[in-house]
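Student: Could we go through this structure together? I would like to begin with its surface.

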Amino acid sequence: MTQAAAAATPPGSRTRPLTTGDRAFLHFTRLNPGESLEIGVVLHVDDPTLTVEELRGQVAQRLRGAPALTERLAPPAASASEIVWEFDHELDLDYHVDAEELAAGSGDAGLRAALDRIAARPLDVDRPLWRLWLLHGHTPGAVDVVYRFSHVHQDGGALHQALHLLFGPDRDPALANLPTYGMPRARDYARIVARLPGEIPWTRQLASWGGAARGGARHTWAVTDLETLRRIARRHAVTINDVYLAAIAGALRAWSLPEWEHGGRPVHAAVPINLRAQSERELMSNFTFGMRVPLPCAEPDPHRRLARIAARTRRAKADGSLAVVGRRILDTTPPDAPPRTLAQIASTGARTKRAALVASNVGTMRGPFSIAGREVSTLIGMPPLFVGRQHLSVALFGLGAQLCAGFAASASVPRHGELADLWLAELAALDAPARRASVPAGNRGESS
């Protein structure tokens with residue numbers, strides 16, 4: 001069944017077909033026991049009196065008007081081509097909403113350790129694929145609520161929907177700020193496919209990774225304000241996403257500086273793009289495809305790095321080829337496609353010879369969010385990481401005027417805890433006046 005058919009499922013139906021993206025992640029999980037791709041956010045509440053009973057009470061009340069969050073895979077033992085999403089009318093709130101007391105006064109260090117532990121606990125694939133944890137004790141005047149979910153059921157667009165249904169101000173998400181996909185007009189698909197390169201060059205391999213990825217995910221983050229990135233974007237006539245990616249390039253350069261002294265090829269980031277149509281905006285499913293963006297870490301000037309990234313993303317948007325082909329793949333892949341083929345789609349970002357890291361932009365949540373009458377003051381991101389396959393995953397999350405760049409690195413990556421601070425330092429450099437912010441005539445020894 002195509003993505004359009006999934007979107008057209010009657011509102012009163014008790015089941016819903018999986019999209020191609022859902023099946024891809026499900027096949028990956030089944031073919032690689034012990035591996036799963038899960039994502040999370042942390043909601044910070046400046047009130048230590050919030051209890052797990054209050055959290056469960058709000059979730060129970062919200063779920064009555066949010067059946068999409070009760071969906072589970074059914075029947076569990078069937079082949080992936082036969083599985084559908086089915087409502088779970090006996091959802092166990094004691095499992096889905098839990099609490100954990102952290103070491104008193106452990107602060108951000110205690111929170112990071114807790115996130116690492118939570119990331120190592122796979123979700124139960126026989127239940128709705130999300131959980132909440134109330135973390136308390138680590139900060140005297142606050143608590144944190146972790147929302148953890150599986151990529152089998154939700155992508156970044158679905159996260160907007162889920163958080164609004166659980167913690168938003170009303171039952172109607174009205175996701176007006178969530179971009180959707182529209183097929184470009186007057187495009188000849190065969191001509192577009194013919195223009196795409198047949199061979200994609202391998203990305204640069206960094207010795208600074210410390211060898212193959214090993215160990216669990218380790219989480220850090222950098223919190224800033226949306227206006228900082230907007231100001232930089234306006235000054236340089238680029239997008240906020242360009243600024244975000246340029247700051248990643250600068251952080252990677254500073255983190256692995258000796259490797260860039262003599263220039264050379266860039267590293268590539270796999271950047272997910274949203275291919276949801278307007279009618280699919282509120283579905284809990286996957287409608288993303290990936291594009292590669294070279295990060296010009298060999299360029300020493302931060303403003304020139306930004307200009308180069310903006311030039312590349314501008315060309316990709318104007319051309320539109322990848323979006324057209326990606327959407328066609330999602331729409332025409334049959335449910336009974338070979339499992340390994342679908343699993344390879346899901347794990348594209350983990351192919352270290354093709355992409356050095358994943359850099360997602362989840363976007364700004366509408367908000368405001370509240371839990372049992374307490375306002376959520378900060379949102380922290382937990383990017384998805386293919387553990388044992390991938391060195392680094394970065395994702396940009398936002399809530400109102402606040403932004404967070406979340407970093408998830410394999411435990412084996414040396415000094416991974418420095419990357420978040422280096423990202424903030426690069427933003428400061430981009431915010432400083434530039435003598436010239438145009439693409440130079442030379443390419444400083446880099447190639448795509």
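Tutor: The accessible surface of the protein chain comes to about 18400 Å², and 55% of that belongs to carbon and sulfur atoms. Such areas come from the Shrake-Rupley method with a 1.4 Å probe, and for residues only the protein chains shown count as cover.

Student: What should I know about the model itself?

Tutor: It is a predicted model, in which local features need pLDDT of at least 70 and side-chain atom pairs count only at pLDDT 80 or more, while totals for chains, interfaces and linings use all residues. Residues are numbered from 1 along each chain as its sequence is written, and side-chain values use heavy atoms, leaving out hydrogens and water.

Student: How many helices and strands are there in the protein chain?

Tutor: The protein chain has 13 helices and 15 strands, taken as DSSP runs (helices H or I, at least four residues; strands E, at least two) and numbered from the N terminus.

Student: Is Arg 131 buried or exposed?

Tutor: Arg 131 counts as buried because its relative accessibility is 13%; buried means under 20% relative accessible area, exposed over 50%, and partly exposed in between (1.4 Å probe, protein chains only). Arg 131 sits in strand β6, residues 130-136.

Student: Which residues does Arg 131 touch?

Tutor: Leaving aside residues up to four places away in sequence, Arg 131 touches Tyr 95, His 96, Asp 98, Leu 123, Val 146, Tyr 147 and Arg 148, where contact means heavy atoms within 4.5 Å. A polar atom of the Arg 131 side chain lies 2.8 Å from the backbone oxygen of Tyr 95.

Student: Which residues are buried in helix α12?

Tutor: In α12 (residues 339-346), Leu 342, Ala 343 and Ala 346 are buried. The buried residues of α12 fall within an arc of 100 degrees seen down its axis, so they line one face of the helix. They pack against α2 (20-31).

Note on methods
Polar contact = N/O pair within 3.5 Å; in protein donor to acceptor, adjacent residues only side chain to side chain. Arc of directions from axis to C-beta.
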